[in-house]
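Visitor: I would like to learn how to read charged pairs in a structure. Please start with the terms.

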Amino acid sequence: MTGQNVIVIGAGPVGALAALYAANRGDNVEVYELRADLRDPSTTPLNFTKSINLALSERGINSMRHARCEGLLDTVLSETIAMHGRMIHGQRKNGKLYEESQSYDAQGRYIRAVDRAGLNKRLLDHLEQMPNVTLYFNHKLTGADFNKNIAWFEQRKQARTDHAQNPTEDPLMKAERERPKEISVEFDLLIGADGAHSASRYHMMKFARLTYQQEYIDTLWCEFHIEPRAADGSFAISPNHLHIWPGGSFMFIAIPSLDKSFTCTLFAPESYFASLSTATSDGLVSSFSKNFPGVCPELITPKELKRQFTQNPHLPLISIKCTPYHYKSGVVILGDAAHAMVPFYGQGMNSGLEDVRVLFDILDAHDVYNDSPNLATTIKERREGALNAYTLQRTPDAAAVNDLALRNYEEMRSGVKSPVYRMRKWVEETINVFLPSLGWRTQYTRVSFENQRYSEVEKAVARQGRVIIIAVSLGCFGITSLAALRLLRRGNIGR
């Protein structure tokens, strides 16, 4: 069988993994990336900040496990840090700081902190070794005809290095980028994995009747950095937790890095950022001391806090839902291009990597890679059927995890301190440990440590919630009935 001509738009983790899946099935793969080589330290990251750490969990791991790339998963996992739970930080009424560990899973499973750039590098290194893969950087998708399966690209000498909301591009660099060379590329399948502001999705919308919903939540984020201890270069706080300073309507989190530093993020309403932007240095420190006790000056000096808040961009959070994810047999969009979500469940990258596994499982099930001459349909017809099945299966799952991520923000910024949240978590984990045959697991366990469809997770958790409500109601009714019975008995005795 002569492989399909597959072009992948976007060389991030999702696009790179999609290229690996296709190449290992014999396709001729070309990867086109808007920016320069992502392995080059001078290339601006997707979030336009110095670094970004992500949470890698079972769905992402499982997707790499099935990529048919020997050594890939072992290499990636060797460069991660286990995070066994959340570490909740706060301050008691007497002024004493406290830390409270909340494990993620009753069975001891954990998520992993991974450097996005490092993960991306490993994937691209594997791609570069494959003879049927070609990587093209500094190529911008400018158009596509998905009836004729032709795409057009501008070949740029210099990639853009600034952010649309924080423009810093030098006029000389802009002039250098002008009048780029345009090329046309024919393909059998275009896989769009080019992020929330996807050019692939934009051009597909000209052909598919695509329903599209975009929402910016009232939250901005800003990155901070906690250095290792100056005395011995060790981690300043526990490296095996995701640290959270919940603040009600905002929060501050910290994720460990291999160099023993922490990548931190402030999530807060735009009004809070505006108040901090106009505050004095003392006002900024005072606000952090009040809302995120133990961060400044204990972990970040006042000078560094002010510098990082001032110099690092304050960026928005976008949530995107759309459908369908494909058009005919020629194009499909994955990851943030199809379902960008807020980062509060740590599932953005994991769900994108899972998209790749699900897509190719469906392509396999529809015999797209079966070269038997006895099949009644053409490969184009089978591919169109597979892409349609992918949209039908994945759309409700992506919508579910998108909603779960939004709801988890409330849990992280305030719910983790709620007695009701703690009680439900304890009940569900206790049932899971002592009565495993009931199949009762927490929502977090189902999402982060299993491969159950997101839409099924949502239904299962809703059923568990109804059972808990009924049990609590019956318990309260029983207690009330017993109390009433005792009162009646006392009344009879008194007579």
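Guide: Buried means under 20% relative accessible area, exposed over 50%, and partly exposed in between (1.4 Å probe, protein chains only). Asp 397 is buried, with a relative accessible area of 0%. This is a predicted model, in which local features need pLDDT of at least 70 and side-chain atom pairs count only at pLDDT 80 or more, while totals for chains, interfaces and linings use all residues. Residues are numbered from 1 along each chain as its sequence is written, and side-chain values use heavy atoms, with hydrogens and water left out.

Visitor: Which residue forms a salt bridge with Asp 397?

Guide: Side chains of opposite charge can pair when their charged atoms come close. A salt bridge here is a side-chain nitrogen of Lys or Arg within 4 Å of a carboxyl oxygen of Asp or Glu. Asp 397 pairs with Arg 453, the closest N and O atoms being 2.8 Å apart. Arg 453 lies in the loop between helix 14 and helix 15, and Asp 397 in helix 12, so the pair ties together parts 56 residues apart in sequence. Helices are DSSP runs (H or I, at least four residues), numbered from the N terminus. Arg 453 is partly exposed, at 28% relative accessible area.

Visitor: Which residues do salt bridges with shared partners join into one network?

Guide: The network includes Arg 59, Arg 357, Asp 361, Asp 397 and Arg 453. Within helix 11, Arg 357 and Asp 361 are four residues apart, about one helical turn, and their side chains meet at 3.1 Å, N to O. Arg 357 is buried at 14% relative accessibility, whereas Asp 361 is partly exposed at 38%.

Key: Helix = DSSP H or I, 4+ residues; strand = E, 2+ residues; numbered from the N terminus.
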